[in-house]
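User: I'd like to go through the labels on this model and see what each one rests on. Please begin with how its elements are defined.

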Amino acid sequence: MKKVLLSGIKPTGDIHIGNYFGAIKQFVDLASRHETRIFIADLHALTSVTDQEILRKNIFNQMRTYLAVGLDPQEVTFFQQSAFPEITEIAWIFNCLLTMPQLMRAHSFKDAEAKDKEINVGVFTYPLLMAADILVHDADIVPVGRDQAQHVEIARDAARKFNTAFGETFSEPQGHFVEETESVPGIDGDKMSKSYGNTIPLFVSTEGLKALVMKIATDSAPLEASKDPDQNNIYNIHKLVINAERDAFVRAKYLDGGMGYKEAKEMLIEDLEKFVAPIREKFNSISDEDVKKVLEEGNAKMRPIIEAKLKQVKDRTGLSL
Ligand code: TRP
């Protein structure tokens, strides 16, 4: 039997190339070798999105993105987190098993709190909803970006705590990370992230793409100077979208000197556009109705699995009479 792969992304904004190379590309690479289930973490998005129009648009666009990058609904089951109240019920039980100090050590909580003391409770218990997402499937592997590693650890701990308290019920999942694309730099050189406002969205128009690339932060090295590609924000984005042969050519341009950053950016625009164009075309051809249909089918497929797990949980905890 194939192992169960589970992952999701919260629909908080347009998918950007950091999401793609940090997480989604792994889904594509791993999908066929696993029983792959990918969901829209819309309840998680509510920790930061408070506008119904925006949330709906994000959900549709996230599904369009999954389909446009080549995830095939014949092979991958897509579903919507909020279609399963079972997940929030199980998250509540984890709320009662894990401790405040443990969640206070989560980086996501500490980072959010450092920015703003008045964070909502959802941000605090976020890892436990995520634990429920994962454990309700008895997922074997969970491909996520490095920044989610601690959350997978918390999910493993939630499984152990539940099993210790109530008897063997949940299996412990493994995280799965791609090392080399651990962090895609944003246009300011920091990690590319929606919350830093430094992203290149995957489906930006050609004009938008040009404008964003032209904004990439560079140092003041003179045109003639030989430049270290590995230390360069432009190259570190560029290398993701080219093949080995083109990569060797681009690296040599940096190392040889005589190439200014304007030229480097123009090369990047050309290659990014080549990479994005076919995906963008597919993206634009997918209707809201197409998306709904895929999600309805996936939800229906997941329903018996998730219901059975909740039943087991209710039996173990003594909630069922
Ligand atoms: N936290 C993930 C993100 O930031 C989304 C997510 C929620 C998730 N639940 C999950 C990922 C379960 C993998 C498994 O996008």
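Analyst: Helices are DSSP runs of H or I with at least four residues, strands are runs of E with at least two, and both are numbered from the N terminus. The model is predicted: local features need pLDDT of at least 70, side-chain atom pairs need 80 or more, and totals for chains, interfaces and linings use all residues. Residues are numbered from 1 along each chain, and side-chain values use heavy atoms, without hydrogens or water.

User: Where does Asp 138 lie in those terms?

Analyst: Asp 138 sits in a loop. Helix α7 (121–135) lies on one side of that loop and strand β4 (141–143) on the other.

User: Why is Asp 138 called partly exposed?

Analyst: Partly exposed is the range between buried (under 20% relative accessible area) and exposed (over 50%), with a 1.4 Å probe and protein chains only. Asp 138 has 24% relative accessibility, so it counts as partly exposed.

User: What is the phi of Asp 138?

Analyst: The phi of Asp 138 is positive, at about 45°. Asp 138 has that value although it is not a glycine.

User: Which class does Phe 177 fall in, buried or partly exposed, and why?

Analyst: Phe 177 has 23% relative accessibility, so it counts as partly exposed. Its place is the loop between β5 and α9.

User: What does Phe 177 touch?

Analyst: A contact requires heavy atoms within 4.5 Å. With residues up to four places away in sequence left out, Phe 177 touches Gln 26, Val 144, Gly 145, Arg 146 and Ala 149. Gln 148 is 29 residues from Phe 177 along the chain, with 9.3 Å between their C-alpha atoms.

User: Is Asn 198 buried or exposed, and why?

Analyst: The relative accessible area of Asn 198 is 1%, so Asn 198 is buried. Asn 198 belongs to the loop from β5 (174–176) to α9 (206–214).

User: What surrounds Asn 198?

Analyst: Beyond its neighbours within four places in sequence, Asn 198 contacts Gly 186, Ile 187, Asp 188, Asp 190, Lys 191, Met 192 and Ser 193. Leu 212, 14 residues from Asn 198 in sequence, is 9.0 Å from Asn 198, C-alpha to C-alpha.

User: What makes the pairing of Asn 198 with Lys 191 a polar contact?

Analyst: The term needs N or O atoms within 3.5 Å, one able to donate a hydrogen and the other to accept it, and sequence-adjacent residues count only through side-chain atoms on both sides. A polar atom of the Asn 198 side chain lies 3.0 Å from the backbone oxygen of Lys 191.

User: How do you know that His 16 is buried?

Analyst: Its relative accessibility is 2%, so His 16 counts as buried. His 16 lies in the loop between β1 (4–9) and α1 (17–31). The His 16 side chain reaches the backbone nitrogen of Gly 18 at 3.0 Å.

User: What makes α11 roughly antiparallel to α12?

Analyst: Helix α11 (residues 244–256) packs on α12 at about 165°, with the axes 11 Å apart. The angle is over 145 degrees, so α11 is roughly antiparallel to α12. On the α11 side the contact uses Arg 246, Phe 249, Val 250, Lys 253 and Tyr 254. On the α12 side are Glu 263, Ala 264, Met 267, Glu 270 and Asp 271.

User: And why is α3 called roughly perpendicular to α13?

Analyst: The axes of α3 and helix α13 (residues 288–317) cross at roughly 80° and come within 10 Å. The angle falls in the 65 to 115 range, so α3 is roughly perpendicular to α13. Phe 60, Met 63, Arg 64 and Leu 67 of α3 meet Asp 288, Val 291, Lys 292, Val 294 and Leu 295 of α13.

Note on methods: Axes are lines fitted to C-alpha atoms, for helices over the stretch in contact, and angles run from 0 to 180 degrees between N-to-C directions. Angles under 35 degrees count as roughly parallel, over 145 as roughly antiparallel, 65 to 115 as roughly perpendicular and the rest as oblique.
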